[in-house]
Amino acid sequence: MIEYLKTVVEFTKKLNTTGAFTETSGFVVNHISKFVDHRKKQVIIEYGAGHGNITKGILAKMNEDSVLYAFEIHSDFCKQLAFIRDPRLRIINLSASDVYQVLDTPESVDCIISSIPFSFIPDKELHKILVKSHNLLKDNCFMMQVLYSTRHLKYYKQYFKNCTAKMVMNIPLANIYECQKIIEKNE
């Protein structure tokens, strides 16, 4: 219980950039990481790693040869992430909009998992992240996003041909955007 209260206090201090006051539920973690495949080597990006709640769920599902790039803008959260001793984890103390500083090869990423609180971030920043994310994803691969409303779904649909939202148990209830990159072939 004391750890839970510490988490609430830390998240509340950074509410504008964490967008949460408690850790994400196991239901959300399981759903948002459903395209992580333990049977094959993958390159995975996580935006907004926070304390590592979702990060640990991703790592538990990953292949031993996969790599996870966990982006987190708060250096104190990055220090907490460093306690996750896993050689597949790369902790990146940068914004998701700076993803090209780390990965800049088009169609090189198998899955993007995000818990960035876009309700508190300007739409211009969201579009910049979506363009870069779409470019990095391989064809037919997914970007997953957890948000507490469906207000931003229309922006995701501008970049991803197959994009839906599903409500998942969490406090508060969470929406998981499931956005698939599909490249139309001109024949």
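This is a predicted model: local features need pLDDT of at least 70, side-chain atom pairs count only at pLDDT 80 or more; totals for chains, interfaces and linings use all residues.
Me: In what order do the strands of the open sheet lie, and which are the edge strands?

Reply: In general, the strands of a sheet pair through backbone hydrogen bonds, and the pairing is either parallel or antiparallel. Here the open sheet has 7 strands in the order E3-E2-E1-E4-E5-E7-E6, with mixed pairing. Strand E3 (89-92) and strand E6 (162-168) are the edge strands, each pairing on one side only. Neighbouring strands are turned against each other by 15° on average, with direction ignored. For a parallel case, look at E2 (residues 67-71) and E3, which are joined by 4 bridges, and where Ala70 stands opposite Ile91 in E3.

Me: Which strands does helix H4 lie across, and which does helix H6 lie across?

Reply: Helix H4 (residues 53-61) lies across E1, E2, E3 and E4, running at about 165° to E1, while helix H6 (residues 123-136) lies across E1, E4 and E5, running at about 145° to E5.

Me: How many aromatic pairs are found, and how should I read one of them?

Reply: Planes over 60 degrees apart count as edge-to-face. A search of the whole structure finds 4 aromatic pairs. In one of them, the rings of Tyr47 and Phe71 have centres 6.0 Å apart and planes at 70°, so this pair is edge-to-face. Because Tyr47 lies in strand E1 and Phe71 in strand E2, the pair ties together parts that are 24 residues apart in sequence.

Me: Are Tyr47 and Phe71 buried or exposed?

Reply: Both Tyr47 and Phe71 are buried.

Note on methods:
Residues are numbered from 1 along each chain as its sequence is written. Side-chain values use heavy atoms; hydrogens and water are left out. Two strands pair if DSSP finds at least two bridges between them. Helices (H or I, at least four residues) and strands (E, at least two) are DSSP runs, numbered from the N terminus. Axes are lines fitted to C-alpha atoms, for helices over the stretch in contact, and angles run from 0 to 180 degrees between N-to-C directions. Contact means heavy atoms within 4.5 Å. Rings of Phe, Tyr and Trp (its six-membered ring) pair if their centres lie within 6.5 Å; planes under 30 degrees apart count as stacked, over 60 as edge-to-face and the rest as tilted. Buried means under 20% relative accessible area, exposed over 50%, partly exposed in between (1.4 Å probe, protein chains only).
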